[in-house]
Amino acid sequence: MKQHKKGLVVWLTAVVLLLIAALRAGSPGRSESVQEAMRDAVLHGTGQISLFGLKAVNPGMVSAFLVTAILLAAAALIRIFAIPRFKFRPGRLQLLLEEAVGLFSGMARGNSPHRNRFLGAYIFAAGAHVFVGTLFELLGLQAVTVHGHPITLPAPLSDVNAAIALGTLSYLVIASGGVAEHGPKGALKALKEFSLPISMSFRLFGALLSGLLVTELVYYYVALSFVLPVVVGVLFTLLHALIQTYVLTMLVALYYGEVSEPAPKKEKKKRLQAEKA
């Protein structure tokens, strides 16, 4: 017990001494201002990465490829090794998977009672991508830019291009529900919400980018770069992962259910046919 206390005292003393030294030293000279550092975190003007030596791309694109590979590998492993071993009395992994599938399936059924099989699969996949992609930045994977500087791979959706792609894909899924139920008229009904892909895209981008910018600002100053970045980074990341996953999947389910709702006459005819049968 005494050894543990002695080790804790030594560790705390070392941390305090390092903090005092950093405060006395102040911030080192930097080649860029805080405005330039934050602008580069958004636009990646000098922070691009070479993609297999073919082209310089934003780090968010590399992150997106890695997140997609992680999700596909996890899905394959679960399908091959976990699902065949499912039992009537579920274990922890089985219970976790069933709860996750039940959550998104219930969200799809509740908001779109008529066409929900594809909707449930899509919002599950989109939600998993948003959640895992947001948590991805906690791994702190490093890469080297084309200018030879180290950079930490960000969350894929902190790149505006990835957010626009996911927002547009979600809008096309919503429109497909209207076309499947009403034909060309359904597409016109979905086109009335022309601002939907823009709002979904920039909601994702703005929410995830805010956490990235706050963390960049904290790391920029040496006086703030002890302990605080860990708290700020983890809290922002976990909060955004949960909130943005829920917001995106709920919006897609709501709009999909709205555009795919059967016309009143068609619904009456289906009821009469069911009663006769």
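This is a predicted model: local features need pLDDT of at least 70, side-chain atom pairs count only at pLDDT 80 or more; totals for chains, interfaces and linings use all residues.
Guide: Let's start with some words for angles: under 35 degrees is roughly parallel, over 145 is roughly antiparallel, 65 to 115 is roughly perpendicular, and the rest is oblique. Residues are numbered from 1 along each chain as its sequence is written, and side-chain values use heavy atoms, with hydrogens and water left out.

Visitor: Okay, now how do I read two packed helices?

Guide: You describe such a pair by the angle between the axes and the distance between them. The axes here are lines fitted to C-alpha atoms, for helices over the stretch in contact, and angles run from 0 to 180 degrees between N-to-C directions. Take helix 3 (residues 59-82) and helix 5: their axes come within 10 Å and cross at roughly 120 degrees. Helix 3 and helix 5 are therefore oblique to each other.

Visitor: Which residues in helix 3 meet helix 5?

Guide: Val67, Thr68 and Leu71 do, and on the helix 5 side they meet Ala128, His129, Val132 and Gly133. "Meet" means a contact, with heavy atoms within 4.5 Å. By class, you get 4 nonpolar, 3 polar and no charged residues there. For the classes, Ala, Val, Leu, Ile, Met, Phe, Trp, Tyr, Cys and Pro are nonpolar, Asp, Glu, Lys and Arg are charged, and the others, Gly among them, are polar.

Visitor: And where do the axes of helix 4 and helix 5 come, and at what angle do they cross?

Guide: Those axes come within 8 Å and cross at roughly 125 degrees. That makes helix 4 oblique to helix 5 as well. Ala100, Val101, Phe104, Met107 and Ala108 in helix 4 pack against Leu119, Gly120, Ile123, Phe124 and Gly127 in helix 5. The residues of this contact divide into 8 nonpolar, 2 polar and no charged.

Visitor: Is the crossing of helix 6 and helix 7 left-handed or right-handed?

Guide: Right-handed. The rule: left-handed if the near helix is turned anticlockwise from the far one by less than a right angle, right-handed if clockwise. Helix 6 and helix 7 (residues 184-191) pack at about 145 degrees with axes 6 Å apart. By class, their contact has 7 nonpolar, 3 polar and 1 charged residues. Helix 3 also passes helix 5 in a right-handed crossing, and so does helix 4.

Visitor: What's the idea behind a nonpolar core?

Guide: In soluble globular proteins, nonpolar side chains tend to be buried together. Here a core is a set of buried Ala, Val, Leu, Ile, Met, Phe, Trp, Tyr and Cys residues joined through side-chain atoms within 4.5 Å. The largest one has 26 residues, and Leu119, Ile123 and Leu204 are among those with the most contacts inside it. Helix 4, helix 5, helix 6 (160-182), helix 8 (196-220) and helix 9 (228-259) each give two or more residues to this core. Apart from it lies another core of 9 residues, including Val57 and Ile151.

Visitor: Which residues is Leu204 in contact with, leaving aside neighbours within four places in sequence?

Guide: Val130, Leu157, Ala163, Leu166, Gln244 and Leu248.

Visitor: What about Glu261: where does it lie?

Guide: In the loop between helix 9 and helix 10 (264-276). With a relative accessible area of 45%, Glu261 is partly exposed. Leaving aside neighbours within four places, Glu261 is in contact with His114, Glu181 and His182. Glu261 and Gly178 are 83 residues apart in sequence, yet 7.9 Å apart in space, C-alpha to C-alpha.

Notes: Buried means under 20% relative accessible area, exposed over 50%, partly exposed in between (1.4 Å probe, protein chains only). Helices (H or I, at least four residues) and strands (E, at least two) are DSSP runs, numbered from the N terminus.
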